[in-house]
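Here's a quick tour for anyone meeting this structure for the first time. Have a look at it below, then read on.

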2 protein chains.
Amino acid sequence: MKFEDIPTPAVYRLSFYLRQLEALLQADKNTISSKQLGEALGYSDAQVRKDLAYFGQFGHPGIGYRVEELISHLRKILGTDKIWNVLLVGVGNLGRALIAYRGFLRKGFQLTAIFDADEHKVGQAFGDLIVSPMEKLPEIAARDNIKLAILAVPADAAQRVAEWLVSAGIRGILNFAPVNITVPQDVSVQSVDLAVQLEQLSFKMSLGDTDEV
Amino acid sequence: MKFEDIPTPAVYRLSFYLRQLEALLQADKNTISSKQLGEALGYSDAQVRKDLAYFGQFGHPGIGYRVEELISHLRKILGTDKIWNVLLVGVGNLGRALIAYRGFLRKGFQLTAIFDADEHKVGQAFGDLIVSPMEKLPEIAARDNIKLAILAVPADAAQRVAEWLVSAGIRGILNFAPVNITVPQDVSVQSVDLAVQLEQLSFKMSLGDTDEV
């Protein structure tokens, strides 16, 4: 089976399994069954086994999964067995919030460079990072082998900046601008669209009112 | 069919269809086929028809979908045919970025109250909103009929604040804290987990390296 054929939700669940397993390891738990792993996350054991089976045979008869071993497999599958250098474009409120967000580091991502088009922001320090001008982006991306970018610019600048990123060798973009961006097929985009998230909530909250359709 | 039985990804796609249709309406387009609607978003026409069929029969033979009519149906399904009042807890960098984010308003969500546990922040203005103390939350939520909350507090405060929100009558939480929160079954949580989003990207970017599993 090809990775491309694996359902997106299964890949999302891998992230949750990984997180859960990391918590178990911290708590000195060495093995776990698919039932226990699923229960902690609200999935059935069949779901857990099916999701993992896309990628290989990780269980041991009579034992279940070895926590440390499965963590190692999942990190390799998700590509976080190595550290990714990440750059960020746009040092507004959202950009600064992301710089302050410490969730990146422990998950295999390291924010190593930040950029802004505003010349007044260039040279300013945020945490241990100093804002570089946009024209330096290709040089810094190449020097630090950065393939992942976080786009935290206004909607009307997003497409232009995305093209600049792609031309600088960026292959994955986490897009926070509330707009669709178009990139070549070999570049991946993951959009964080708060309006969509809120709509999903309001959908769920409307369930009580109209249960049947 | 019950709403609960509809696959989550289909509900996500409704949000994207709605957005696309709104853009079409802006461009004075009055009708569209499932093929055209799908093409713009990278879905097959069969997918579009299947997703919409969960909710009703919206097409017209020989015409396709009437854009304005389908928008109206989708808003009703997603619960955004009315305006939701939303409150936000946590006025740090992320909270302030969300306050500045204008994507909410045009999608049927109105940020009407902001809260912080830090007494130094209480009384400060951000945009046209003034930070209220946490103990005022139940009173303000009841007064303004607020059922939706955005949680932008540190991880170690998230569970405690979530329980406070639930006790104040909040039924949907958009959680930005990088931690799982536990709520009663009749409360919905939508988590925006940037580490998970980045892992999805690194997974896709690793596809090129190991195509077969």
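What follows covers confidence, the nonpolar core and a pair of strands.

This is a predicted model, where local features need pLDDT of at least 70, side-chain atom pairs count only at pLDDT 80 or more, and totals for chains, interfaces and linings use all residues. Residues are numbered from 1 along each chain as its sequence is written, chains are lettered from A and ligands numbered from 1 in the order written, and side-chain values use heavy atoms, leaving out hydrogens and water.

pLDDT is the predictor's confidence in each residue, from 0 to 100.

| Score | Value |
|---|---|
| Mean pLDDT, chain A | 87 |
| Chain A residues at pLDDT 70 or more | 92% |
| ipTM of the model | 0.82 |
| pTM of the model | 0.71 |

Now for the core: a nonpolar core is a set of buried Ala, Val, Leu, Ile, Met, Phe, Trp, Tyr and Cys residues joined through side-chain atoms within 4.5 Å. The largest one has 44 residues, and B:Leu88 and B:Leu148 are among those touching the most other members.

B:Leu88 sits in strand E3 (residues 84-89) of chain B, strands being DSSP runs of at least two residues, numbered from the N terminus. B:Leu88 counts as buried because its relative accessible area is 0%, and buried means under 20%. Beyond four places in sequence, its contacts (heavy atoms within 4.5 Å) include B:Ile114 and B:Ile150. B:Leu148, for its part, touches A:Leu198, A:Leu201 and A:Met205, among others.

Over in chain A, strands E8 (residues 172-175) and E9 run parallel, joined by 4 bridges; pairing takes at least two DSSP bridges. A:Ile173 stands opposite A:Val189 in E9(A).

Definitions and conventions. Buried means under 20% relative accessible area, exposed over 50%, partly exposed in between (1.4 Å probe, protein chains only).
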